[in-house]
Amino acid sequence: MQLSLGPATSVAATDELRFIERDGKTLVVAPGTAGWTVTDDAGTLGLLHRVNGARPLPLGEIERSVPRDCVMELFRRGLLSLDGIAYGTSSSRSESLQIVAPKSAHNTYPVLAVFHVHNWCNLACTYCYTIDDGVPPERLTREHMCKAVDDMVRLPTAFTGFEFHGGEPTMAMPDIEAVTRYAEEVYAKAGKRAAFSIQTNGYYLSEKICDFLAEHRFSVRVSLDGTEETHDEFRVDRGGKGSYRGVVSGIRRLQDRGVPVHAVCVVHIGNTDRIVEMYDSMAALGVQSIRFLPVFKTGKADEKDWLTGDRYFEAYLRVVKHVAALGRRGEPVVPLANLIAGELGSLRSFRREYMCMRNPCGAGVNMITVDVNGDLYPCEEMVGKPEFVIGNLADTSVREAIDTSPVVQKLRERHVEEIPECSRCTWKQLCHGGCVHKSYTHFKRLDRESEHCSYYKRIYEELIWLEQAEPGSWDALSPAGR
């Protein structure tokens, strides 16, 4: 970046600034760059109001009332441009500005391959989106998975993560074991690195399974819905009996072997009032992180279980404040993985590493998914929607599917500025419209906002004000070493 400052340097707002007042302070946001600041300094506010929607001013004139250090700080925060140069995200668009954006993990080819190894399960969770009544059992062949390994290792990437999903993937452990060993061998010969993870219900995992996962350094995500009572309400076995004790048994066996266990917790309208209790119960089990996932209008969930964006925000903010308070007091905290990578990550930096909240998103860019019949999808969440199939391993390679698919091209071209509701939003360069699959599921269109749009419109602002009201909250939410 070439920038030479002098009295004639042109200073302007990077976008039409938004001003939000609370408790004697003002939050100022530049929607087009994701720049923001909170201040109660009259000089700073005077400058921002002066340049907002106005013609550029020379730096020499501004310095008569505002120190240069203040101008530079607002420049670094993406609120002011200097001689047409401004900080922003990699998807910030401006006809008049040269955007300086940090490099993000936007790939040309995927670094994560997800295998849906089969479509059956030893449980019968009532809101499962994978298993539908009357659907015949199918299994992804070992040959298809090994072919996918061969395709992935040939991509111009140095690393690949392989993740096993189901149904319940541990019911196909012989195949998972064979494919894992094959991938380790293939990647070692290529001088590349492979890592492995699995999404499991954890239900009474055997000693043998836990030994294998430990030996091959798997990261394990376990579906666990809080307390025994809240978990067993929906996560039941084929006889209708709650599965909580069996899941905890599996978690303990993994932890005894040093396997990192991460909890994935579904939130629905029936348990939102217990979300703090649910967090505490899962944290007490010693999991590495907790992800709260709201029920969407999909799968077997009834309309009454669906969480609107506002309902989800109100519940989630309670647990966010609870965790932050624990951390500020110096008590142990299990991090909220989604929050740290997503919302907090977007507020802390112009870099956009979280693949579900950026443009383009990670579908077909960071991730590829193989369904039970060999069909290829850009994202794990898109499995089961024929309109998102980009090929089949029986007659194409992962690279060819990525290179030639019009679906992948459309996903890469999707931009928050071209979504009508998003283009007007203060927070558009932070959430980037949210998950494209969930937008499509709800609206049947790619060019629509998130079905939880109202959540995003509120959560960023409240996280900012939380840090203002209780300094240290962000660090408390992101404990070192976790």
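Trainee: Tyr-316: buried or exposed?
Mentor: Tyr-316 is buried, with a relative accessible area of 2% (buried is under 20%, exposed over 50%, partly exposed in between, using a 1.4 Å probe and protein chains only). This is a predicted model, where local features need pLDDT of at least 70, side-chain atom pairs count only at 80 or more, and totals for chains, interfaces and linings use all residues. Residues are numbered from 1 along each chain as its sequence is written, and side-chain values use heavy atoms, leaving out hydrogens and water.

Trainee: And what about Tyr-312, buried or exposed?
Mentor: Tyr-312 is buried too, at 7% relative accessible area. Both tyrosines sit in helix α10, 4 residues apart, about one turn of the helix (a helix is a DSSP run of H or I, at least four residues; a strand is E, at least two).

Trainee: How are the rings of Tyr-312 and Tyr-316 arranged?
Mentor: They form a stacked aromatic pair, 5.4 Å centre to centre with 20° between the planes (ring centres within 6.5 Å; under 30 degrees is stacked, over 60 edge-to-face, the rest tilted).

Trainee: How many aromatic pairs does the structure hold?
Mentor: There are 19. Some ring pairs join up: Phe-115, Phe-162, Phe-164, Tyr-187, Phe-196, Phe-212 and Phe-218 are linked into a cluster.

Trainee: Which residues have the most contacts inside the largest nonpolar core?
Mentor: Phe-115, Phe-164, Tyr-279 and Phe-292, in a core of 115 residues (buried Ala, Val, Leu, Ile, Met, Phe, Trp, Tyr and Cys joined through side-chain atoms within 4.5 Å). Helix α10 (residues 309–328) gives the largest share, 10 residues. A second, separate core has 23 residues, including Leu-17, Val-51, Leu-59 and Leu-82.

Trainee: What is phi for Tyr-204?
Mentor: About 45°, a positive value although Tyr-204 is not a glycine. Tyr-204 is in the loop between β11 (193–200) and α6 (207–215). Arg-217 has a positive phi as well, near 55°. Most residues other than glycine have a negative phi.

Trainee: Where is Arg-217, then?
Mentor: Arg-217 is in the loop between α6 and β12 (219–223). Arg-217 is exposed, with a relative accessible area of 75%.

Note on methods
Phe/Tyr/Trp six-rings, centres within 6.5 Å; stacked < 30°, edge-to-face > 60°.
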